[in-house]
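We begin with a helix and end with a ligand site.

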Amino acid sequence: MQRRDFLKLSASASAVSCITACGSKDSDTPLPQIPEGSNEQVHWYGCSSNCTSICPIKVITEDGVVTRIETDDLIEDSSGNPQHRACLRGRSARQKVLAAERLTVPMKRVGPRGSGEFVEISWEEAYDTIHANLSRILNEYGNEAVYFPNGSGTVFSTMSGQDWYGAGVWGAKLMNLLGGHLGSYYGYSYAGVMEAYYRTFGTVEATGSSMSVAQESDLIFSLGYNPAETSTGGVAGQFQWQKAIDGIETIVVDPRYTDSMLSGSQWVPIRPGTDAALCEALGYEIITNDKADEAFLNKYCVGYDATTMPETADEGADYKSHILGLGPDGTEKTPEYAERITGIPAATIRKLAEKLWSAERPFVVMGYGPNRHANGEQNVRSVMMLPLLLGKVGLPGTNNGVLANTMYSLPWGIGISSGENPVKATIPFYSWLDAVERGIEMTATSHGVRGAEKLNSNIKFIWNHASNTLVNQHGDTYKCAEVLSDESKVEFILVHDINMTSSAKFADILLPDLMDIERDDLMINSGAESVLVIPATSKVKSIADGRSSFEVCLQLAKRFGLETEYAEGRSYREWLAYSYAVTRGFYAGYFPETATQLPEDFETFMAGEPVRLSAVMPNIALQQYIAGDGQAELPTPSGKIEIYSAAMQELADSFELEEGEEIPAIPKYVRTWEGYEDFETKKDYPLQCFGFHSKGRTHSSYHNLSWLRTAYEDAIWMHPQDADNYGVTDGSYALVASKRGTIKIKVKVTPRIIPGVAALPQGMWFKDVNGVDEGGCINTLTSLRTQASGKGNAQHTILVNVKPA
Ligand SMILES: Nc1nc2c(c(=O)[nH]1)N[C@H]1C(S)=C(S)[C@@H](COP(=O)(O)OP(=O)(O)OC[C@H]3O[C@@H](n4cnc5c(=O)[nH]c(N)nc54)[C@H](O)[C@@H]3O)O[C@H]1N2
Ligand SMILES: Nc1nc2c(c(=O)[nH]1)N[C@H]1C(S)=C(S)[C@@H](COP(=O)(O)OP(=O)(O)OC[C@H]3O[C@@H](n4cnc5c(=O)[nH]c(N)nc54)[C@H](O)[C@@H]3O)O[C@H]1N2
Ligand SMILES: [Mo]
């Protein structure tokens, strides 16, 4: 028996037995035990910053001080049921609690906005000031003037959590009681995926097959997918198992040779933002070699060829005509065509196509990297075409091209809701700075306002909870700083955070929170293969006089006379108990055997170890629809998978688009502003550049921890040829400039990146020194321009020049 089959058997055997809570660990080297006579205590929590893994952390404290950090040792590690072991970030929690950047007391701004000059005030004064300003702004401008930027700092905490679109859930609840607030749609992570998914499959669920489904696959074909570092959905371990132990062939298309490729993947270097052109050529090869499953395509999809086109469509507007050069552009999408754009040799593209059609169960998966480009929606739609062309979706071992979205398939923060927002207008999350400056000019067709034809107010009050997106994680930091420092634009900025971040410096009132390790909470680790329900009963004594979001909003609710409606008669602890009961009820409904492992009594649960609910049904994308044999309907306008989207054609006809923007009705490569083919801008800014999510941080979080800065050195990656051309050497400093701004950053010369492209880890902390960002924040280089149809963030699309510093 192959090792792979053996492991599969043992994995499924353990899946049956391992609906066990807290199984015993199976290790030769016992972990250090608590010494006799010591005061050490243990508690668990889930690392709740947003890498989406929420790893269980075992905290050992002595008299309230963290002495050691451990992680998931509750079961034996295996493929199909891996441990969820925390990375260096989770394990550095001891440094994180004591960081010099911690906010410890409430403060008010005394210098000009953004100067970072604050003085300590009492909590009462802080509440009164916020109440007075919020009341005034609501009276003067109405509820549409209040906005919660999309943030992710506490997204996986039940009690300090954020709602779907990143507003602090308690703040949003209070605002909804006060008449609502300006909402937003989509988010920084995968706006392009959501838009593409919505147009193709009819919902914004945006999810693919669970990673463990790939165990049944014979080829993982991935693009911009780096789970070894990002572990999105907690799959780092599972991905490595599949490659190294299950022995599944893996191909990764990426401008960089990433850690995910280390154990034997084929690296296909590609120019950023050109995946759609690669997919067109793969489609060309599949179609011209008679490998397209046309019966499948015509049964389940619309728009593959002329036979399933809507009447409104022009002749030759179908996908097949486009690929074969019979559409409006008259270009055959041959491998040579794609080589010119992507930089991938035509011969390689032919081999990749053959691998794809020869695979019995190809698992096609895209990370979120390719989606964060100016043509992000098109990259995603194009990747989704590959399994559709082969008719290989909805079956074991297959995927629809999209990452499994465990955030949506599992509950978190359940039982606590912000309620309904009476304000119906929503803006694309990436357009908030526009809404500060010209909200009243923003309409459905100019800026993609949804829920209303236009906005009635500019943003005047920003409530920034657990988010560093004011200045650092949003685009064009210098522009953000300039707009926010003008007190006549946004009239009041409230920041509630744990650290003095770049965004916190722009607060009018700055409130300290408790960290995840310091509060009682409930975290749910939503790995693709198991769920850990983690009780957090903190034993840590905080250095901060921090107040939770629940408490802050309760004090504000009192001042508005809404205490009863807000708290609904429950204290913090009672909400936690309530949420646990709802969680338990949820699992009882879906996994009756599993739920019995969750103690009925809340206090018993809180005193125990994390409860592992294994063998969560792996989700096979589109399984139900395909099983319907062409009779089932999707929630798209046609009821079928929309390769041609009449709705997108309507957007193309009605949206006011700028130069370099296009909304095609079929998935295709489009040239964009600052893309590989923007030869005009390249005269001054010749290199493509993008930021990636590195293991050294979660966004900007953890940047301030010296352990991590030592373990992972931030630098801009450049190919040796480019380094020579631009006169920089390994370890030297460079000035990297885009049309928006300049950063100073160390250079890493490496053949691990395609020539003509520079890349740096995103999340470094913005630090202006005389007009140059010496902190090296990628967003000093990025643009505020949005994607064409979904209006998402195109933060990976940048052109730069490089000079020695
Ligand atoms: N150029 C570029 N920009 C990007 C990206 C990119 O790839 N490239 N990625 C984008 C993506 S995908 C995302 S999700 C965003 C993320 O952007 P953010 O959501 O801003 O994420 P962080 O930078 O981690 O900031 C989290 C904040 O929460 C605070 N925080 C942590 N714990 C707590 C707590 O317990 N209570 C409170 N009150 N605060 C807490 C932290 O101190 C920090 O200020 O960035 C986006 N920006
Ligand atoms: N360590 C760590 N883990 C994280 C996070 C973090 O900040 N740090 N953030 C979490 C969050 S909120 C999110 S949304 C996810 C983000 O996860 P992703 O968006 O998937 O992460 P990125 O690093 O932006 O992109 C993944 C890969 O795409 C490549 N790439 C960039 N542009 C292109 C392109 O045009 N084509 C192709 N083929 N590849 C391209 C990059 O080189 C990178 O290796 O990660 C989560 N996990
Ligand atoms: Mo994200």
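In this predicted model, helix α13 buries Ala346, Ile349, Leu352, Ala353 and Leu356. Where do these buried residues sit around the axis of α13? They fall within an arc of 115° when viewed down that axis, so they line one face of the helix. An α-helix has 3.6 residues a turn, so residues three or four places apart point the same way. The face of α13 turned away from the buried side carries Lys351 and Ser358, both exposed. Exposed here means over 50% relative accessible area, and buried means under 20%.

Helix α13 covers residues 346–358, 13 residues in total. From its first C-alpha to its last, α13 reaches 18 Å. That is close to the 18 Å expected at 1.5 Å a residue.

Now turn to ligand 2. Its surroundings comprise 34 residues. The closest are Asp254, Gly273, Asp275, Arg697 and His699. By type, the shell divides into nine nonpolar, 17 polar and eight charged residues. Helix α7 (227–230) and strand β21 (687–692) each supply at least two residues of this shell.

Taken alone, ligand 2 exposes 910 Å², and the protein buries 99% of that.

How values were computed:
Residues are numbered from 1 along each chain as its sequence is written. Chains are lettered from A and ligands numbered from 1 in the order in which they are written. This is a predicted model: local features need pLDDT of at least 70, side-chain atom pairs count only at pLDDT 80 or more; totals for chains, interfaces and linings use all residues. Side-chain values use heavy atoms; hydrogens and water are left out. A residue is near a molecule or strand if one of its heavy atoms lies within 4 Å of it. Accessible areas come from the Shrake-Rupley method with a 1.4 Å probe; for residues, only the protein chains shown count as cover. Helices (H or I, at least four residues) and strands (E, at least two) are DSSP runs, numbered from the N terminus. Ala, Val, Leu, Ile, Met, Phe, Trp, Tyr, Cys and Pro count as nonpolar, Asp, Glu, Lys and Arg as charged, and the others, Gly among them, as polar. The expected span of a helix is 1.5 Å times one less than its number of residues. Buried means under 20% relative accessible area, exposed over 50%, partly exposed in between (1.4 Å probe, protein chains only). The arc is that of the directions from the helix axis to the C-beta atoms.
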